[in-house]
Amino acid sequence: MFHLRKVSRDVARVAVKTRRLSSAPERSLVDLSVDKEGIAIVQMQRAPVNSLNIELMRTICDSVSDLEKDKCKGMILTSASPNIFSAGMDLMELHNPDMKRLEEFSKSMFDLVLKLFGSKIVTTAAIDGYSGAGACVVALALDYRSMTAGKARIGLNDTAVGIPPAKWVADLMTRTMGQRNTELALTSSFMFPAERALQVGLVDEVAKDKEDAVERCKKFIKLYDNILPAVRTHTKLSLRQDFIVEFEKNREQYLKDFMNTITNPAFQNGLDIYISSLKQKKVKAAA
Ligand SMILES: CC/C=C\C/C=C\C/C=C\CC/C=C/CC(=O)SCCNC(=O)CCNC(=O)[C@H](O)C(C)(C)COP(=O)(O)OP(=O)(O)OC[C@H]1O[C@@H](n2cnc3c(N)ncnc32)[C@H](O)[C@@H]1OP(=O)(O)O
């Protein structure tokens, strides 16, 4: 498990809300703005790489709940980090974890995926940069993804780190990319550049830069201008209900599986090496 492998805004603001967290009162993890058309930009800003810890996942989840209450038209999830959408789950949450916190972490991850997947509003992502593993799962839970051409990569690299992907993760990907493409993507842990991601349906459009990616998300959200929101939501949720029901039914088992994977000593040993390799890469780059 966890084998070592090289890993390698202008919006006229009508309402601007910036969430602050009790655990990080001096700095907000997400910048949330809503334009005059009711389209929200939820910009992750957990430096340096928007890794998903409990607080960031809860903040995104709460932001979506607020936007639903405010009857926003839609949201665009994006990142303040240059060249990185998100580095996936926060490895520090997984490394020698406190059991109670790990359980909370897992719950926050499940809550976030279900909140995004079952959201009443139109949910999109403007992906400008690396979007691996947990970040890819978050993107898959949304209605639409635009991704910038160039260095950005997206994919689920669980098998590359010695972990078979959870069934619900494979199911989520299959819904978007189909069985064959999911099989290839998951077994190979391929990290897709935007054009390849478009070919397999992992993203919906390729953008030339972040601004273009955001504009494409807005255009997608506005496609629904002539559809009654309640009718759109009803249709979306009826098509997604099977996944949500199945997830809720198996939630306890998914939790146990996750806890078992993370607490396995072999996983922890591999993670030690993996984290060291990430740090080492930096030392080498500085030399
Ligand atoms: C593990 C899964 C287990 C079980 C699955 C069970 C159930 C299924 C549940 C969910 C399904 C989805 C699975 C998700 C698992 C994950 O998401 S694990 C995380 C996977 N992500 C990665 O492997 C990315 C690792 N990072 C990188 O490759 C690079 O850092 C990146 C390309 C993102 C950026 O490169 P660069 O700009 O050069 O920056 P640095 O590498 O120098 O990094 C800057 C600092 O950030 C730290 N960092 C990087 N990634 C993470 C991270 N994911 N978590 C925490 N910290 C991270 C890096 O160490 C540097 O720190 P430093 O400044 O040195 O202190």
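This is a predicted model: local features need pLDDT of at least 70, side-chain atom pairs count only at pLDDT 80 or more; totals for chains, interfaces and linings use all residues.
Student: Why are helix 3 and helix 8 called roughly antiparallel?

Tutor: Start with the numbers. Helix 3 covers residues 99–117, helix 8 covers residues 229–263, and they pack at an angle of about 160° with their axes 10 Å apart. Angles over 145 degrees count as roughly antiparallel, so helix 3 and helix 8 get that label.

Student: Which residues make the contact?

Tutor: On helix 3, they include Leu 102, Ser 106, Phe 110 and Phe 117. Helix 8 brings, among them, Arg 240, Phe 243, Phe 247, Tyr 254 and Ile 262. Sorted by class, the contact of helix 3 with helix 8 has 12 nonpolar, one polar and three charged residues.

Student: Which hand does the crossing of helix 1 and helix 3 have?

Tutor: That crossing is left-handed. Among the residues that meet there are Ile 54, Met 57 and Val 64 in helix 1, and Phe 105, Met 109 and Leu 112 in helix 3. By class, you'll find nine nonpolar, one polar and four charged residues in this contact.

Student: Okay, on to the ligand. How many residues surround it, and which are the closest?

Tutor: There are 28, and the closest are Ser 51, Gly 88, Met 89, Ala 133 and Gly 134. The shell's classes are 17 nonpolar, six polar and five charged residues.

Student: Which element supplies the largest share of the shell?

Tutor: Helix 9, with four residues. Helix 9 spans 265–286, and at least two shell residues each also come from helix 2 (91–94), strand 7 (130–132), helix 4 (134–140) and helix 8.

Student: How do you know how confident the predictor is?

Tutor: Check the pLDDT: the protein's mean is 90, and 89% of its residues reach 70 or more. Residues 2–26 are below 50, though, and that stretch has 47 contacts in the model beyond near neighbours in sequence. For the complex, the predictor gives an ipTM of 0.94 and a pTM of 0.91.

How values were computed: Residues are numbered from 1 along each chain as its sequence is written. pLDDT is the predictor's confidence in each residue, from 0 to 100. Two residues are in contact if their C-beta atoms, placed from the backbone, lie within 7 Å. Axes are lines fitted to C-alpha atoms, for helices over the stretch in contact, and angles run from 0 to 180 degrees between N-to-C directions. Angles under 35 degrees count as roughly parallel, over 145 as roughly antiparallel, 65 to 115 as roughly perpendicular and the rest as oblique. Ala, Val, Leu, Ile, Met, Phe, Trp, Tyr, Cys and Pro count as nonpolar, Asp, Glu, Lys and Arg as charged, and the others, Gly among them, as polar. A residue is near a molecule or strand if its C-beta atom, placed from the backbone, lies within 6 Å of it. A crossing is left-handed if the near helix is turned anticlockwise from the far one by less than a right angle, and right-handed if clockwise.
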